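Work through these exercises with the model open. Each task is followed by a solution in steps.

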Amino acid sequence: MATWSSRGLRGSTFEELINRTNEKYKDAGLALVQKIPTPITPMKIDKESRHITLAYFDQKSTVDYIGIVQGVGICFDAKECATDTFALQNIHEHQVDFMTEFEKQNGVAFLLIYYTHREMFYYLRFEELKRFWDRALAGGRKSFRLEETDPDYVLEQKSGILVPYLDMLQKDLLGRGD
């Protein structure tokens, strides 16, 4: 179990960019996507301020975001990576299971990865994630390199949209018709 104090702000800047993007998409009538709060178990509460001072993250959270885009259900997780190698240990089995079930219901699951050292956002299709995940389960690499991913899914910067993932979602959906 990880403690709140040791992991509390990890990824918060990236998530804030996504939250602002989701507000823009909502305001434009394009999507309604919500951040799913991470469930915690409080261990210590300051009696005076009534603030939680120590808590543990519950392990069974699903994904970071769930929503709907023009009638299509989506779910995704936001991850940061400081190198060109993404360790699959950053994704939990129950998350992959949830995304698998979500896809079976005709939803679209994906990861948004922020490669911090490159200042680059990447849309990792569930199909790609599953290929890397299955490779690891079969005894292969427990990570994947940026060069193994599809360069067509790098998010292009767009005026006014901080993390413009809807273009990649559309490309993902069109690719499923093949």
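**Exercise 1. Find the strand order of the open sheet, and say which strands stand at its edges.**

Solution. This is a predicted model. Start with the order: five strands form the open sheet, and they run E1-E4-E5-E7-E8. Their pairing is mixed. Next, look at the edges. Strand E1 (31-35) and strand E8 (120-125) each have a single partner strand, so one side of each has no neighbour in the sheet. Neighbouring strands are turned by 25 degrees against each other on average, direction ignored.

**Exercise 2. Describe how E1 is joined to E4, and what lysine 35 does there.**

Solution. E1 and strand E4 (residues 65-69) run antiparallel. Five bridges join them. Then check the side chains. Lysine 35 lies over the face of tyrosine 65, at 5.6 Å from the ring centre. The cut-off for a charge over a ring is within 6 Å of the ring centre.

**Exercise 3. Which strands does helix H5 touch?**

Solution. Helix H5 covers residues 166-176 and packs on the sheet. The strands in contact are E4, E5, E7 and E8. For the direction, compare H5 with E7: the angle is about 135 degrees.

**Exercise 4. Classify the ring pair of phenylalanine 76 and phenylalanine 110, and say why it ties together separate parts of the sequence.**

Solution. Two values describe a pair of aromatic rings: the distance of the centres and the angle of the planes. The model has 13 aromatic pairs. In the pair of phenylalanine 76 and phenylalanine 110, the centres are 4.8 Å apart and the planes make 15 degrees. Planes under 30 degrees apart count as stacked, so this pair is stacked. Now place the residues. Phenylalanine 76 lies in strand E5 (residues 72-81) and phenylalanine 110 in strand E7 (residues 108-115), so the pair links parts 34 residues apart in sequence. Finally, check burial. Phenylalanine 76 is buried, at 0% relative accessible area. Phenylalanine 110 is buried too, at 0% relative accessibility.

**Exercise 5. Is the pair of tyrosine 114 and phenylalanine 121 stacked or tilted?**

Solution. The centres lie 4.8 Å apart, and the planes make 35 degrees. The pair is tilted. Both tyrosine 114 and phenylalanine 121 are buried.

**Exercise 6. Which residues do ring pairs link into a cluster?**

Solution. The cluster holds Tyr25, Tyr65, Phe76, Phe110, Tyr123, Tyr153 and Tyr165.

Methods
Residues are numbered from 1 along each chain as its sequence is written. This is a predicted model: local features need pLDDT of at least 70, side-chain atom pairs count only at pLDDT 80 or more; totals for chains, interfaces and linings use all residues. Side-chain values use heavy atoms; hydrogens and water are left out. Rings of Phe, Tyr and Trp (its six-membered ring) pair if their centres lie within 6.5 Å; planes under 30 degrees apart count as stacked, over 60 as edge-to-face and the rest as tilted. Helices (H or I, at least four residues) and strands (E, at least two) are DSSP runs, numbered from the N terminus. Buried means under 20% relative accessible area, exposed over 50%, partly exposed in between (1.4 Å probe, protein chains only). A charge sits over a ring if NZ of Lys or CZ of Arg is within 6 Å of the ring centre and within 35 degrees of the ring normal. Two strands pair if DSSP finds at least two bridges between them. Axes are lines fitted to C-alpha atoms, for helices over the stretch in contact, and angles run from 0 to 180 degrees between N-to-C directions. Contact means heavy atoms within 4.5 Å.
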